[in-house]
Amino acid sequence: MGTLAVLAVACLAAVASVAQAADKKPNFVVIFTDDQDAIQNSTHPHYMPSLHKYIRYPGVELSQYFVTTPVCCPSRTNMWRGQFAHNTNFTSVLPPHGGWAKWKSLGIDKSYLPLWLKDQGYNTYYVGKFLVDYSVSNYQQVPAGWDDIDALVTPYTFDFNNPGFSRNGAAPNIYPGEYSTDVIRDKGIAQIKSAVAAGKPFYAQIAPIAPHTSTQISTNRDTGETKAYFYPPIPAPRHWQLFSDANLPGGTPNKNLYEVDVSDKPAWVRALPLPQQNNRTYLEEIYRLRLRSLAAVDELVESVVKTLDAAGVLDNTYIIYTADNGYHVGAHRFGAGKTTGYEEDLRVPFLIRGPGIKASQSTKPANNKVGLHVDFAPTILSLAGASNLLGDKGLDGTPLGLYANDDGSLPASYPRPAQHRQQFQGEFWGGWSDELLLHLRAQPNNTWKVVRVFDEVKGQGWKLIAQCTNERELYDLRKDPGELNNIYATAKPAVRSRLEGLLAVLAVCKGDSCSNPWKTLHPDGSVKNFNDALNSKYDPIYNAIKPFTYKKCLQYLDWDNEDSQFKTQIRGPNPAAGVGHHRLLTAASERAIAARRRAQAAITSELEERPPVFQAKVEEKSVPVPQDILNADVDKWFAFHNAEYYLA
C-alpha cells in the first residue's frame, strides 16, 4: 500500500473515531442479491467462502427466513415498508399493478425505511438494482430518502457486461465491458468511504443483480419491433470455469427434483410435462452458472468487510446478507424461476453480524426463529435504537428474533417477546412462466395464498396453499420438506381446520393481526400458538370458520374477489381503505417533520464543511447512454408477453 493510500485510510479511521465518540448509533450495510435461494445450496461455503468467513462465522444465519411475495419489486417494497403486499397494494413488477409509476403514485417513498432512518440522524446510500422499470425514461424521478442513490436503469439493469446507472437523477452512464457486480462493488465501496467521512451513522444498501437471469432488450431499427432475450446469469470472466463439479441432485436436499407423480398438485402444475434429458442438461448448466455468478458477490462481501475494518467502523456496523426472493431450478415440474408458493421460492438467505450478536462460529444456521422480509424494517429501526417508533408506522412485521443470539450487549430496548411469531402468510397475484425453459406453456392462474407454521421447539412445520381455483395443498414439512405429498384430504381434521382458520385471518390481516392472529381467533387470550389451538375444546370454533376463498382467478388484488369472514372485522366496511396510503402520520405531523428536515439541511449547509465524496475508479470507464436509447419508447420494452415474470 502506497503512502497516500495509508494516509487516506488513517484519515478515514480518524474521522470514524471522532464520529463514534460523538454518536454510538450503529451503521448498517445490507448486501441484497437478486433471485438467490436458501435451499439449493447457493450459499454453501464451497461456493461462497467469504460469506461464511466474514458474516456467518462472526455472526449468525437464520434458518427460517422467508419472503412473503416471491417476486422482486413487491418483495423489496414489503421489506422497506414492513407491510405485506395486500397492505401496500404494490403487487406486481410492471404496470398497472406494479412498476415505478405506481410506486411513486402510492407514495411509498414518502414513508419507508430510508426516510425513517434519516429522521433518526442517519445518512442513507444505495447502489444497484432498485425497481425493474426504473429506466432511461424516468431516471430524473429520483426515489426519496437517499443521500446518494446510484441505481441501475433499464435496458441495462440485467446486462452483466454493460450495466447502466443514474446517480441521483443525473443523465445515465453505461460501463461497456465492465462486469456489473464489480461495478456495483466499486461504487458501493466508494459510498461506504463517503459515509464514514461524513461522520454520521449510515445505512448503505448494495444490490447486485446476481444470480438473476441475463436480459437483453433489442429494437429492430428498420421495423421498430422490440424483443427481449433471456439467458442464464453470466459469470465474471475470471469465474467461468468454477464449480464444474456442482450438480442439481446434490443441490436439491429436499429430493423434489423432477417430480414424477404430481397427481396431488393443482391442475396447472399437473399440466406441465416432466423435463426431458435435454432440459435437465440445460438446467444443470443453469445451476452452475448461478453459482458462478455469485462468486463475484462473494468477493464483494470480502471487500465490504475489509473496507469497514480499515475505516475503523467494522465493530459498530451491522452487515446483513439477504435476497429479494428465492428461486427454483428443476424443483417439481418447473424449470427455472420463482413466483410459486413452494419453499424454494419463499425461503431466502439471511445472515447478520454486528454489535450485540454472538458469533455462531458455526457451519449451520444458529437461529431458527421465524423471520420475514416484513420484519426487516422494524428490525433495523430497533437496532438503531428507535423501537419506540414501531407503533407509529402501521407495520405488519415485528423485529427478528436476534435476541436469541444476544452476546449480552444487544440494546436493552430491542424487543424480546415472550412468544415469538410462529406463523405467517404468503401471497401472489398473477400467472406463471418459466424463465428459461421457454417451450413450457405459460399458466394464467398462479394467484395464491399460503399459511405456514413452524414450531421451533419441536421442529414441526405445516403449510397450507390455497390456489385461486380454490384447490388446496397441505404439507407436513417435518416429514415432507420437499412438498411431494399433499395430505389435505387425509390430514387430521384439527390440523386442517386450524390452518384454514389462520389463513382466513392472515389473508386479510393488517398490523397486529398479522403478527398475532390468535388474538383475532381467541379474543380471550387463551391461545398463544398453534399447539395451544389444537386442543379439542376449540374444535367448535374452528369448525365454524368458513375457509378463505377466491371468487375467480385474477392477476391483481381485488378485495371483493377475496372472501374471508374476518375481512370486515379486521379491515372495516371498506377493506381497501388505507391500502397504498403510506404516510400514516397526521398532516400536521408530516409538516413538522418536513420543517425539521429543512432546518437540519440548512444547519448542515451553513455550519458544516461538506465532507469528501469518494469516487470509484471505475467511473473513469463510464460513457453516456446513446441518444437513441434515451429517445426510445420504453413502454415497448415491457409490452411483450409475460414480461413481468421474466424481468422480475
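Student: Among contacts in the protein between residues at least 6 apart in sequence, what percentage join residues at least 24 apart?

Tutor: The figure is 71%. Contact here means heavy atoms within 4.5 Å. This is a predicted model, where local features need pLDDT of at least 70, side-chain atom pairs count only at pLDDT 80 or more, and totals for chains, interfaces and linings use all residues. Residues are numbered from 1 along each chain as its sequence is written, and side-chain values use heavy atoms, with hydrogens and water left out.

Student: How many helices and strands does the protein have?

Tutor: There are 21 helices and 22 strands. Helices (H or I, at least four residues) and strands (E, at least two) are DSSP runs, numbered from the N terminus.

Student: What share of the 648 residues counts as buried?

Tutor: Buried means under 20% relative accessible area, exposed means over 50%, and partly exposed lies in between (1.4 Å probe, protein chains only). By that rule, 61% of the 648 residues are buried.

Student: How do I read a sheet? In which order do the four strands of the open sheet stand?

Tutor: Strands of a sheet pair through backbone hydrogen bonds, either parallel or antiparallel. Two strands count as paired if DSSP finds at least two bridges between them. The order here is β16-β17-β18-β19, with antiparallel pairing. β16 (423–428) and β19 (472–476) stand at the edges with a single partner strand each, so one side of each has no neighbour in the sheet. Neighbouring strands are turned by 15° against each other on average, direction ignored. Such angles run from 0 to 180 degrees between N-to-C directions, with axes fitted to C-alpha atoms, for helices over the stretch in contact.

Student: How many bridges join β17 to β18?

Tutor: Eight bridges do. Six bridges link β16 and β17 (residues 448–455), and Q423 stands opposite V453 in β17. β18 and β19 pair over five bridges, with L464 opposite L474 in β19.

Student: Which turn residues have a positive phi?

Tutor: Look at the hairpins. β17 and β18 have four residues between them, and G459 in that turn has a positive phi of about 70°. β18 and β19 also form a hairpin with four residues between them; there N470 has a positive phi of about 70°.

Student: Are the two faces of β18 covered or uncovered?

Tutor: In a regular strand the side chains alternate between the two faces of the sheet. In β18, Q460, W462, L464 and A466 lie on one side, G461, K463, I465 and Q467 lie on the other, and all are buried.

Student: Which helix lies across β16, β17, β18 and β19?

Tutor: Helix α12 does, running at about 120° to β17. α12 (residues 493–506) has 14 residues and reaches 20 Å from its first C-alpha to its last, close to the 20 Å expected at 1.5 Å a residue. The expected span is 1.5 Å times one less than the number of residues. Eleven of the 14 residues of α12 are buried, including V495, L499 and L506.

Student: What does UniProt list for C72?

Tutor: The unreviewed entry lists "modified residue: 3-oxoalanine (Cys)". UniProt positions follow the numbering used here, feature names are shortened, and annotations may be inferred rather than shown by experiment. C72 sits in helix α3 (residues 72–81). C72 is buried, with a relative accessible area of 0%.
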